[in-house]
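Hi,

Here is the structure I promised to pass on to you. Have a look at it first, then read my notes below.

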Amino acid sequence: MAEVLGRAGAVARERFRARMLEPFLKASYLTQQIVLDRPDYWEYKLTASLLHDLSDHILIRWKNLERGLYTRPSIIVTRDDFMPWHSAHFGEMIRFSRAFEGLMNEVFAVSWGKSGEPGNEIEILRACTLYADLAEQLVLWEEKIRFSVVPDFYEEIRELMEGLGGRILDQMAMLPSKLSELFSGEPEAGVHLLDLVLDTPDGWVEKHASALRRAQRAVLDQ
């Protein structure tokens with residue numbers, strides 16, 4: 001009887017493990033082990049591992065794009081279409097920034113659980129999936145900017161727009177390593193802050209405004 005009960009218990013444990021891992025079947029072995037073993041600070045370790053699983057290939061693609069290692073078909077933007085094109089892409093960048101802030105300040109915080117309460121591995125997976133999707137959209141944005149062909153008097157503006165999405169991507173790339181550093185070994189007690197900053201290069205706003213004025217004058221002089 002004890003042997004039968006032992007076998008039944010083993011089968012039940014395996015079924016439980018299988019149910020736990022079902023949403024993580026495409027994840028790395030490390031991620032799956034964190035889900036099963038629940039080590040200390042597992043919520044943050046799971047986040048770091050999942051972000052590597054889901055985002056590394058996207059961030060590598062960004063670095064390849066930044067280095068000019070691949071291309072896409074050109075997008076022709078006419079003189080009449082440029083300002084709507086410009087406004088639309090800036091609107092997208094504002095939404096990207098808000099999404100990034102929401103993920104960092106709200107979505108991940110909820111998935112990690114309140115102080116003294118465990119997190120939720122499914123919510124962590126959802127947060128990391130949203131993170132990877134945002135990274136993908138930012139790379140697509142950078143591709144659209146870099147492979148657009150605009151009239152000569154708008155080219156300076158287009159060039160200034162290059163890399164704005166990349167600055168967010170570079171910040172996003174830092175999160176997994178920051179989490180790993182914070183929660184490896186025995187972290188110090190207290191509140192830990194992740195300082196990820198969204199900004200533009202020094203003097204960018206002034207350069208962009210000047211480039212817009214020059215372009216407007218050039219259009220009027222034609």
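This is a predicted model: local features need pLDDT of at least 70, side-chain atom pairs count only at pLDDT 80 or more; totals for chains, interfaces and linings use all residues.

**What I found**

Let's start with Glu162, which is partly exposed at 28% relative accessibility (buried means under 20% relative accessible area, exposed over 50%, and partly exposed in between, using a 1.4 Å probe and protein chains only). Glu162 and Arg158 meet through their side chains in a salt bridge, 2.7 Å from N to O. By salt bridge I mean a side-chain nitrogen of Lys or Arg within 4 Å of a carboxyl oxygen of Asp or Glu. Salt bridges that share partners tie Glu142, Arg146, Glu155, Arg158 and Glu162 into one network.

Residues are numbered from 1 along each chain as its sequence is written, and side-chain values use heavy atoms, with hydrogens and water left out.

Back to Arg158. Its side chain also meets that of Glu155 in a salt bridge, again given as 2.7 Å from N to O. Where do these two sit? Arg158 and Glu155 are 3 residues apart in helix α6 (residues 155–161), so about one helical turn separates them. (Helices are DSSP runs of H or I with at least four residues, strands are runs of E with at least two, and both are numbered from the N terminus.) Is Arg158 buried or exposed? Arg158 is buried, with a relative accessible area of 6%, while Glu155 is partly exposed at 24%.

There's another pair to look at in helix α5 (residues 121–146). Arg126 forms a salt bridge with Glu123, and their closest N and O atoms are 2.6 Å apart. These two are 3 residues apart in the helix, so they too are separated by about one helical turn. Arg126 is partly exposed, with a relative accessible area of 49%, and Glu123 is partly exposed as well, at 30%.

Last one: Gly166, in helix α7 (residues 164–182). Gly166 is buried, with a relative accessible area of 0%. Which residues does Gly166 touch? Leaving out residues up to four places away in sequence, Gly166 touches Trp62 and Glu142 (contact means heavy atoms within 4.5 Å).

Cheers
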